[in-house]
Every structure is written in C-alpha cells, then in structure tokens.
Amino acid sequence: MTGLSGKRLYVALIHHPVIDKNGETIASAVTNLDLHDIARVCRTYGVKGYYVITPLKDQMVLVNRILDHWATGVGGTYNPIRQQALKLVRVKATVDEMIGEIAEAEGLRPKTVATTAKRHVGSLSYRRLREMLAEAAPLVVAFGTAWGLSDTFMADADYILDPLAGSGTYNHLSVRSAVSIILDRALGKKI
C-alpha cells in the first residue's frame, strides 16, 4: 500500500503559547535543529508547509536569517537538498496569522490537530487522521515546544491526537522525533 499525500497538510511548531515545567504559559526559544530536521521530514512526507510560531522578534529575526542563508546564501549552493526542505518554512507571530494565511491559500479554514504526550478522552486516532488526510479539508498538526502546548491552545484545537507511547513509562520525546513518528504514521507507506 502506498502512503497518503500531504498536499493539504501543514505542520506548526508552536513556541507560544506553550508551558514550562511548572505549567506556566511562556514563549520558548527557537532551535536551529528543529528548523532543519522538521523541514526535512516535512519535505520527505510531502507536507505543504511548515510554520514556526513565535511572537519574539529576536527569534523571528534568527529564523529568517537561517532561512535566508539556505535560500539565497552560501548554504543553498552548498546543499540544495536542504534548501528544498527549508523552502517549506514560514515564520509567523501568532497561530491566528498562520490560520489566516492557510485559509486564504486553501479557500477554507484549516482544522487544527493538537499533539500531546498526555491521554485525552475522545482523542483522534491515527486511523481517523489518515482518513481525514484523504478528505479535501486542510489540516494543521500542531506540536508544542518546551513542555507542550498550553491548555488554552488545547481547548481551542479542533482535535487532540492520540499520544505516542513507547514500550515503557518514559514518555518525553524531542519534538523532532515526535514530528517524524507522527508524520510517518499519518502519511507513511504501510508495510
């Protein structure tokens, strides 16, 4: 069986609103590894766009500087494959800005799918997510940095995805790892 197309799927890496280890809402810092690695997995699975959400001006400048290096600078000449992946990245100050841009491009407001390491009653299964990807409506799968998406974000999301679960009780994946696993489950070839 072949994999699904990600032609109307977007990934969002949320840096605000997220929580810290004490449960307080914060804005977290952007990391270079998240930009590169998540862009690469998005490109591999055919995701239409990868949004980095941060209201912090210095972090937006940092993201744009990195993207410019790979789009028009020496990085793009040195590694054109990386350039292809990083062309998917867009930086926005708020989730609402992202939703507005996607709605304008798609002609339809996207549904948001929040990810979490915690179980939620009525959460969306991976089977249902795959079915939704075969439908016409655009989707945004949102990943939280720091200690995860805020309660407010979770309450506003259209869906909450089943958490990933390993073989033991430890459950604290890097966001890069979680994105890779979830995109493979949603879009990867069934073998």
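Tutor: Let's start with names: helices (H or I, at least four residues) and strands (E, at least two) are DSSP runs, numbered from the N terminus. This is a predicted model, where local features need pLDDT of at least 70, side-chain atom pairs count only at pLDDT 80 or more, and totals for chains, interfaces and linings use all residues. Residues are numbered from 1 along each chain as its sequence is written, and side-chain values use heavy atoms, with hydrogens and water left out.

Student: Okay, where is T112 found?

Tutor: T112 sits in strand β6, residues 111–114.

Student: Does T112 count as buried or exposed, and how do you know?

Tutor: Buried means under 20% relative accessible area, exposed over 50%, and partly exposed in between (1.4 Å probe, protein chains only). T112 has a relative accessibility of 8%, so it counts as buried.

Student: What is T112 in contact with?

Tutor: Contact means heavy atoms within 4.5 Å. Leaving out neighbours within four places in sequence, T112 is in contact with I99, V140, D156, A157, D158 and Y159.

Student: What about V95: buried or exposed?

Tutor: V95 belongs to helix α5, residues 95–106. Its relative accessibility is 14%, so V95 is buried too. Again skipping residues up to four places away in sequence, V95 touches I14, I53 and F153.

Student: And what makes L56 something else?

Tutor: L56 has a relative accessible area of 31%, so it lands in the partly exposed class. You'll find L56 in the loop between β4 (49–53) and α2 (57–71). Beyond the residues up to four places away in sequence, L56 touches A27 and S28. The C-alpha atoms of L56 and V30 are 9.6 Å apart, though 26 residues separate the two along the chain.

Student: What is the largest nonpolar core made of, and why is it called that?

Tutor: A nonpolar core is a set of buried Ala, Val, Leu, Ile, Met, Phe, Trp, Tyr and Cys residues joined through side-chain atoms within 4.5 Å. The largest one here has 41 residues, and Y50 and L183 have the most contacts inside it. Helix α8 (residues 175–187) gives the largest share of this core, seven residues. Another core lies apart from it, with 18 residues, including I14, V18, I99 and F153.

Student: Which residues of α8 are buried?

Tutor: They are V175, A178, V179, I182, L183, A186 and L187. The arc here is that of the directions from the helix axis to the C-beta atoms.

Student: Which residues of α2 are buried, and which are exposed?

Tutor: Q59, M60, V63, I66, L67 and W70 are the buried ones. Seen down the axis of α2, they fall within an arc of 130 degrees, so they line one face of the helix. K57, D58 and R65, on the other side of α2, are exposed.

Student: How do α6 and α8 cross?

Tutor: Axes are lines fitted to C-alpha atoms, for helices over the stretch in contact, and angles run from 0 to 180 degrees between N-to-C directions. By that rule, the axes of α6 (residues 126–133) and α8 come within 8 Å and cross at roughly 65 degrees. Y126, L129, R130 and L133 in α6 meet I182, D184, R185, A186 and L187 in α8.
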